[in-house]
Amino acid sequence: MIPRICILIISLYLFAGISSQSNEHDATIRTMEEFSGYQIHEPSFHDSSSSSLSVDTETLQSQIDELSTFSDTPAPSVTRILYSEKDVQARGFVKKLMNISGLSVREDAVGNIFGRWVGSEPELAPVSTGSHIDAIPYSGKYDGVVGVLGAIEAVNVLKRSGFKPKRSLEVIMFTSEEPTRFGISCLGSRLLAGSEELAQLLKRTVDGQNISFSDAANLAGYTNSDDFSSIFLEKGSYSAFIELHIEQGPILEEEAISIGVVTAIAAPASIKVDFEGNGGHAGAGLMPKRNDAGLAATELALAVEKHVLESGSIDTVGTVGILELHPGAINSIPSKAHLEIDTRDIDEHRRDLVIEKIHQSALSISKARNVELSEFKIVNQDPPALSEELITKATESACQELNLPYKKMISRAYHDSLFMARISPMGMIFIPCYKGYSHKPEEFAAQQDIANGVRVLALTLAKLSVS
Ligand code: GLV
Ligand code: MN
Ligand code: MN
C-alpha cells in the first residue's frame with residue numbers, strides 16, 4: 001500500500017508539474033505553500049518524482065533495537081546511566097547516525113549532541129527537535145529513543161522527499177533527562193535553558209559512589225564540563241522546538257488514536273528526606289525505647305499518598321521511588337533512612353500545597369518518633385509548561401493532511417520540552433504505547449505508530465522551517 005503521505009506529496013509534485021507549464025516559479029512556491037500551510041517566498045522543493053516521504057520503518061526499528069543493546073542489564077530491560085560506558089557507546093551510535101544523515105554534528109560541554117541540517121537561510125533561528133537516550137534502571141527501549149532516532153529519520157524522510165528547509169533543522173540528543181545518577185532531571189536541557197542555579201549546584205554534586213559530576217563527565221570524555229556558560233542558549237536561539245515521545249500512558253491506545261498533540265506538561269517536583277535515629281540491636285532494643293528511622297520514613301511514605309489523594313484531582317500524583325535504610329541488616333534497627341519523593345500536578349499551586357503538607361508531616365513524624373529530620377531538601381520544584389499554539393496548530397494540520405486521528409492532551413510525565421519551553425516556543429507529539437507501560441522492560445511501541453509519529457514530526461518540521 002502506498003502510504004498516504006506519498007500520495008499527498010506525489011499529488012503535490014503533479015500539481016507543481018502541471019502548474020509549471022504556465023509559470024514554473026509560482027507553481028513551486030504554491031506547492032510549498034500547500035505542503036507547509038504557510039506563505040513562503042522561496043521555492044524549496046526540487047521536482048523529483050523519484051523522491052518519497054515514506055519512513056524507513058524497518059531500519060528505524062533495527063536502530064532502536066541496536067541502541068537497546070547498549071545496556072547494563074539484560075534484554076528486554078534497558079539500563080543506561082549518564083556517562084557510563086554504555087552511555088558513551090550509545091552516544092557514539094547516535095553521532096554516527098547523525099553523520100550518515102549528513103547532519104553537521106557538535107557536542108556541548110556536558111554532551112548535549114546537536115545535528116544540524118543547514119537551511120537555505122542559515123541566519124534565521126533554526127527549528128529543533130529531539131529527546132534523550134538515557135534509561136532508568138530496568139526500563140524499556142522506547143522512552144526518549146523514539147524522539148532521537150525518530151527525529152533523525154524525520155530528517156531522512158524530508159531529505160528523500162527533496163525538501164529543502166529555509167530555517168535550519170536541528171536534532172538534539174539531550175544529556176541525562178533521567179535523574180538516576182545525580183538526582184537532577186533534564187540536566188542537559190536545564191543547562192541549555194540557562195539555569196545558573198544548576199550550574200552552581202553541579203560544582204558540588206556527587207553521585208551515589210561519591211564521584212563528582214565533573215569527574216564522571218571527564219571520564220566520559222567531556223573535559224570542559226564545568227564551562228557552563230558555553231552551554232547556555234539565548235532565548236530565541238530556536239524558532240521552535242518539538243519533541244516526539246511515547247505517551248507513557250494508556251489513553252491513545254485505549255481510544256485508538258494515532259497521535260497526541262500535547263498542550264501542556266505537568267509541573268514536577270522532587271524532594272530528598274533523611275531521618276536519623278539511634279539504631280541498635282533488633283533483639284535487645286526494647287520497643288518503647290526505640291527511635292526507628294525506618295519507621296519514620298515508612299510513615300512519611302504513607303503520608304505522601306494521603307496528601308496526594310486529599311487533593312481530590314486525578315492529576316495530582318506522588319511516588320516514593322527511593323527508600324534506603326542504614327545499615328540495612330535484618331537484625332539492626334535502622335539508624336538512618338533516606339527517601340526520595342516525586343510529586344507532580346498540572347496545577348502548580350495544588351502541587352506546592354502537597355509539598356507543604358509533606359514537609360509538615362516530616363516535621364511531626366520526626367517529633368512523634370523522636371528521630372532527627374536531618375534533611376528535607378526540595379531538589380526541584382518546576383513550573384508546568386504550555387505548548388505554543390504556532391506549533392500545536394502545525395502538528396494538528398500535519399495530522400489532518402496525513403489523515404491520522406489525533407487528540408489534544410496533557411503530558412503527566414516531564415520531558416526536556418519542559419525546559420526548552422523557557423527558551424523557545426515548544427510543542428510535543430505523543431504516539432501510543434502498549435498499555436501505557438513505561439519505565440519498565442515491557443514498554444513497547446508498534447512500528448506503525450512510530451512511523452506515524454515520524455511522519456507527523458517530519459511534516460511539522462517542514463511547516464515550521466518555512467515559516
Ligand atoms: C521522565 O522520565 C519522567 O519521570 O517523567
Ligand atoms: Mn523516562
Ligand atoms: Mn522520556
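Q: Which residues of α9 are buried?
A: In this predicted model, the buried residues of α9 are A293, G294, A296, A297, L300, A303, V304, H307 and V308.

Q: How does α9 lie relative to the strands?
A: Helix α9, residues 293-310, lies across β9, β11 and β13 (336-345), and runs at about 10° to β13.

Q: What span should α9 have, and what does the model give?
A: With 18 residues at 1.5 Å a residue, α9 should span 26 Å. Its end C-alpha atoms are 26 Å apart, so the two values agree.

Q: What happens just after α9?
A: There, G312 takes a positive phi of about 75°.

Q: Turning to the sheet, in what order do the four strands come?
A: The order is β11-β13-β9-β14, in an open sheet with antiparallel pairing.

Q: Which strands stand at the edges?
A: Those are β11 (317-326) and β14 (372-381). Each has a single partner strand, so one side of each has no neighbour in the sheet.

Q: And what is the twist?
A: From one strand to the next, the twist averages 15°.

Q: How many bridges pair β9 with β14?
A: Strand β9, residues 267-276, pairs with β14 over eight bridges in the antiparallel sense. Among the paired residues, I271 has I378 of β14 as its bridge partner.

Q: Now the nonpolar core: which members of the largest one touch the most others?
A: They are A154, V155, I429, L457, A458 and L461, in a core of 91 residues.

Q: What does I429 touch?
A: Leaving aside residues up to four places away in sequence, I429 touches I242, L244, I259, V261, T395, G453, V456 and L457. A second, separate core has 20 residues, including L300, A303, V308 and A362. Of these, L300, A303 and V308 are also among the buried residues of α9.

Q: On to α2: which residues are buried and which exposed?
A: L60, Q63, L67 and S68 are buried. Seen down the axis of α2, the buried residues fall within an arc of 140°, so they line one face of the helix. On the other side, E58, S62 and D65 are exposed.

Q: What does the buried face pack against?
A: The buried residues of α2 pack against β1 (78-80), α3 (85-100), α4 (145-161) and α13 (447-465).

Q: Last topic, β3: where do its side chains point?
A: Along β3, residues 113-117, the side chains alternate.

Q: Which strands pair with β3?
A: Strand β2, residues 104-107, is joined to β3 by four bridges, and the two run antiparallel. Strand β6, residues 169-174, pairs with β3 over five bridges, also in the antiparallel sense. F114 stands opposite I172 in β6, and E107 has I113 of β3 as its bridge partner.

Q: What is in the hairpin of β2 and β3?
A: Five residues lie between the strands, and G111 in this hairpin takes a positive phi near 95°.

Note on methods
Residues numbered from 1 in each chain as written. Chains lettered and ligands numbered in written order. Predicted model: local features only at pLDDT ≥ 70, side-chain atom pairs only at ≥ 80, totals over all residues. Buried ≥ 20, exposed ≤ 12 C-beta atoms within 10 Å, placed from the backbone. Arc of directions from axis to C-beta. Contact = placed C-beta atoms within 7 Å. Core = buried A, V, L, I, M, F, W, Y, C linked by C-beta atoms within 7 Å. Pairing = 2+ DSSP bridges. Axes fitted to C-alpha atoms, helices over the stretch in contact; angles between N-to-C directions. Expected span 1.5 Å × (residues − 1).
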